[in-house]
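Please keep the structure in view while reading.

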Amino acid sequence: MILRFFKLYQNSFKGLSTQVWWLSLITLINRAGTMVIPFLSLYLTENLKFTLSNVGWIMTAFGLGSVCGSWLGGKLSNKFGFYKVMFWSLVLSGLMFIGLQFITSFIGICIAIFFIMLVADTFRPALFVAVAAYAKPENRTRAVTLIRLAINLGFSLGPAVGGLIIYHSSYAGLFWIDGITCILAGLLFFYVLSERKASNKIKEEEKGVKGSPYKDKAYLVFLGALLLVGFTFMQYFSTIPLYYNDVHHLSEKEIGWLMSLNGILIFLLEMPLVSYYENERFSKYRILAISVLLFALSFLVLNVSGWVGMLSIGMVLMSVAEMLNFPFSNSFAMKRAAQFNNQGDYMALFTMTFSIAHIFGHNSGMQLVAHFGYEITWYIMATLLLISILGLVWLRNMIKKEE
């Protein structure tokens, strides 16, 4: 049984191009390198002595920079190509992270964080355009999944390494190492990947007149459904950990172990799962709808029983939902972008959707808990996800009419 699973796991990685593997390694280095981000709130309150209100405004600047960066990344990718955007995003954001340690005023930090995220998040839409350029069309969903694995692994390693650096050195050491890793990722990108080969591949796929995602009604419906998913998914990084502590009295260590279950499941199961469902015989719209239903169930089970085991069940449901939803959502967006010959703008709008969810999801969840409590909040989240399913049904009907 174990050998069979290992073979299935191994086969799920077959057929991916060397360039996609290099992209994954560069993404891993970059995401592990952004170790400043998880400790930003602590740095601002403990070292710079900012109030929680100040930190709230700084995080707003963070979110706005991310939204603007995603939009700008799409525009620049269309004009100059993803290659230049990714390289300069990595190098310049590295230099900016190093410089951030020398800014100590509230206004200065707000401006600096906005521009750092503006530059850093131009990388995101360009990355998806790069995947479309370097991966075969039939392998793009798995290619995106491999990139997601790199991102998850990077986010897992980053905080652990960052904590050790702060403990043994200081926040100054953290800023230096963070910046240097971003620059190294940029240099590795320049050294191992060819711009010409990717540019030729994109030109071969370009057909017809360039379309606008803002006029693509089906795509906007898709993004609306995705925004609701992103809005509710953000609760797993804000209100859900508070729920674990306030209602079930879990310690930080226990919460950490429970949250790590998500990363373990994704690492073990996402590639084989996506590889299996990537087959044309499975309806991608049905997969997306089922994944959103699993997201809704992950909230509803929390209200079923006070048994602490329900927390693990909820985490498993959420993890499976995430494994099915995000890779196939990415794949739909890339396919739509190629269809309308506008990778930059389409992928920019796609990544902006999650940035907007970041801005509103955390704060709205906190406000709902404060006014209505956890139980009502989970019912509201489940309801929003059911509305998202209706949006996906509407999307499927619109696509059928197009065809």
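## Helix α9

The model is predicted. Helix α9 spans residues 171-192, 22 residues in total. From its first C-alpha to its last it reaches 32 Å. That is close to the 32 Å expected at 1.5 Å a residue.

Which residues of α9 are buried? They are Y171, G173, L174, F175, D178, G179, T181, C182, I183, A185, G186 and F189. An α-helix has 3.6 residues a turn, so residues three or four places apart point the same way.

## α5 against α7

Two packed helices are described by the angle between their axes and the distance between the axes. Helix α5 covers residues 82-100, and helix α7 covers residues 123-134. Their axes come within 9 Å and cross at roughly 135°. Angles over 145 degrees would count as roughly antiparallel, and 65 to 115 as roughly perpendicular. α5 and α7 are therefore oblique to each other. The crossing is left-handed.

On the α5 side, the contact is made by F82, Y83, V85, M86, S89 and L90. α7 contributes F123, A126, L127, V129, A130, A133 and Y134. The residues of this contact divide into 12 nonpolar, 1 polar and no charged.

## α15 against α16

Helix α15 runs over residues 309-339, and helix α16 over residues 343-402. How do their axes meet, and at what angle do they cross? The axes come within 7 Å and cross at roughly 35°. This crossing, too, is left-handed.

From α15, the contact takes in F326, S329, N330, F332, A333, M334, R336, A337, A338 and Q339. From α16 come Q343, Y346, M347, F350, F354, L395, I399 and E402. The residues of the contact divide into 12 nonpolar, 4 polar and 2 charged.

## Two single residues

S24 sits in helix α2, residues 18-33. Is S24 buried or exposed? Its relative accessibility is 5%, so S24 counts as buried; the cut-off for buried is under 20%. Leaving aside neighbours within four places in sequence, S24 is in contact with L146, I147 and A150.

L227 belongs to helix α11, residues 217-233. With 32% relative accessibility, L227 counts as partly exposed. Not counting residues up to four places away in sequence, L227 touches T353, I356 and A357. L227 and Y285 are 58 residues apart in sequence. In space, C-alpha to C-alpha, L227 and Y285 are 16 Å apart.

Conventions. Residues numbered from 1 in each chain as written. Predicted model: local features only at pLDDT ≥ 70, side-chain atom pairs only at ≥ 80, totals over all residues. Heavy atoms only, no water. Helix = DSSP H or I, 4+ residues; strand = E, 2+ residues; numbered from the N terminus. Expected span 1.5 Å × (residues − 1). Buried < 20%, exposed > 50% of the residue type's maximum accessible area, 1.4 Å probe, protein only. Axes fitted to C-alpha atoms, helices over the stretch in contact; angles between N-to-C directions. Parallel < 35°, antiparallel > 145°, perpendicular 65-115°, else oblique. Left-handed = near helix turned anticlockwise from the far one by under 90°. Contact = heavy atoms within 4.5 Å. Nonpolar A, V, L, I, M, F, W, Y, C, P; charged D, E, K, R; others polar.
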